[in-house]
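I wanted to follow the ligand through this model, from the residues around it to the annotated positions and the strands behind them. My entries are below, in the order in which I looked things up.

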Amino acid sequence: MTTQADAEPTTPPAQPRTLRFTKGHGTHNDFVLVADTRGDLDLTPEQVRRLTDRRGGVGGDGVIRLAPTAAIARAGESIADEVLAQEPGAIWFMDYRNADGSVAEMCGNGVRVFTAFAESLGLARLDDGGELALGTRAGVRRVRKEQGPDGTPWYAVDMGAWLLPGGPEAEAAGADSAVAVRGWSAPRPALSVDLGNPHTVVALASVDELAGLDLTVAPQVAPAPPHGTNVELVVPLGESAAEDGAVVGRVRMRVHERGVGETQSCGTGAVAAALAVRTWAAAGGREPVDTWFVEVPGGLLRVRALPGGRAELAGPAQLVFTGETRP
Ligand SMILES: N[C@@H](CCC[C@H](N)C(=O)O)C(=O)O
């Protein structure tokens, strides 16, 4: 018989490491940010879910880990090697996780908030006209600072190349799939847009219909994208001449994000929405507009179609508070 005195001393269960975090948001798409400057933090999906839990944790649509790009490469993610080969100055990497613990390639609002976080840590300086190049799972992203239309600092991100996975046929038809939202009697045509992460954009006829949508359950997309998708519901609001005479388009949208649910904003989604509306206009024989303001429930974003099939996203980024937790 083994007595308690004979038993091997048991190792106490490992305590989760104390994490210092910052809470931030971009047009109310909110994130828990963690600085892992040594690159040795192994965040599990369960820990991400606990951090983003709005009742039991800090709360957020996602978690952003700032880590050395070299550490992501050492962990076996070849995209980090590609980032460093393309831009050796991209020494910091945005490791983005959705609230459900899944990994996402890209987050447009996240890049801006990441940049504000890097500035707060003294790892980036943009106020003197500099730019930050950072690594993401969708490749290198470059960020600069400007004054937004409301007079506050905005961050403008070169979002890289965008594409229509449905190719020229989808471009001409303006659709390559169909989306069904709860309460609709039939699915509606939709256009897939790739921003490094997947999007599916559906046009609605009125802002009242947009406001009344039930997005408490995920819209159904057919054919089902292999890795899921973010769904943007958009209302084109028309075009007008800006002060400098250039024509500017306006769009209102709501979004149901892969791995999260409905959010107040999605940066890559805003870019997808603007580019879909631009594609539909071109398919209808209209001159394409290159600058768009996208109204989301959480604020306002600007999208520009850049030469060479690239796009730019601009908008605010706010850091709200810091704290410590053991997820
Ligand atoms: N909110 C983000 C997108 C975050 C990732 C997305 N949910 C996905 O799984 O692709 C943005 O601002 O772009």
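**Around the ligand**

I began with the ligand and found 17 residues surrounding it, the closest being Ala104, Asn109, Asn197, Gly267 and Thr268; a residue is taken as near a molecule or strand if its C-beta atom, placed from the backbone, lies within 6 Å of it. The elements that give two or more residues to this shell are helix H4 (108–120) and helix H7 (267–283), where helices (H or I, at least four residues) and strands (E, at least two) are DSSP runs numbered from the N terminus.

I noted for myself that this is a predicted model, in which local features need pLDDT of at least 70 and side-chain atom pairs count only at pLDDT 80 or more, while totals for chains, interfaces and linings use all residues. Residues are numbered from 1 along each chain as its sequence is written.

By class, the shell holds four nonpolar, eleven polar and two charged residues; here Ala, Val, Leu, Ile, Met, Phe, Trp, Tyr, Cys and Pro count as nonpolar, Asp, Glu, Lys and Arg as charged, and the others, Gly among them, as polar.

**Two domains**

I then asked which domains supply the shell, and found at least three residues from each of domain 1 (19–157 + 318–322) and domain 2 (167–312), with bounds that come from an automatic or database domain assignment. The centres of domain 1 and domain 2, taken over C-alpha atoms, are separated by 24 Å. Across the boundary, 20 residues of domain 1 are in contact with 20 residues of domain 2, contact meaning that the C-beta atoms of two residues, placed from the backbone, lie within 7 Å. On the side of domain 1 that touches domain 2, H4 and E7 are the elements that give two or more residues, and that side comprises seven nonpolar, ten polar and three charged residues.

**The two annotated cysteines**

I looked up the UniProt record, an unreviewed entry, which lists Cys107 and Cys266 under "active site"; such annotations may be inferred rather than shown by experiment, feature names are shortened, and positions are given in the numbering used here. Although spread over 160 residues of sequence, they cluster in space, with a largest C-alpha distance of 7.6 Å.

Where does Cys107 lie? I found Cys107 in the loop between strand E4 (92–98) and H4. Cys107 counts as buried because 30 other C-beta atoms lie within 10 Å, the scale being buried at 20 or more such atoms within 10 Å, exposed at 12 or fewer, and partly exposed in between, with C-beta atoms placed from the backbone. Leaving aside neighbours within four places in sequence, Cys107 is in contact with Gly62, Tyr96, Gly267 and Thr268.

Cys266 is in the loop between strand E14 (261–263) and H7, and is buried because 36 other C-beta atoms lie within 10 Å. With neighbours within four places again left aside, the contacts of Cys266 are Asn29, Asn109, Asn230, Val255 and Glu257.

Asn109 is placed in helix H4, and I count Asn109 as buried because of its 35 C-beta neighbours inside 10 Å. Beyond four places in sequence, Asn109 is in contact with residues including Asn29, Ser265, Cys266 and Gly267.

Asn197 lies in the loop between strand E9 (188–194) and strand E10 (198–203), and is buried because it has 26 C-beta neighbours inside 10 Å. Not counting residues up to four places away in sequence, Asn197 touches Ala104, Glu105, Met106, Ala138, Asn230 and Thr268.

I followed the chain onward into E10, where six of the six residues are buried, so E10 is largely enclosed by the rest of the structure. Pro198, Thr200 and Val202 point one way from E10, and His199, Val201 and Ala203 the other way.

Leu191 has Val201 in E10 as its bridge partner. Three residues separate E9 and E10 in their hairpin, and Gly196 in the turn has a positive phi of about 95 degrees. E10 also pairs in the parallel sense with strand E12 (residues 230–241), over five bridges, and there Thr200 stands opposite Val231.

Note on methods: Two strands pair if DSSP finds at least two bridges between them.
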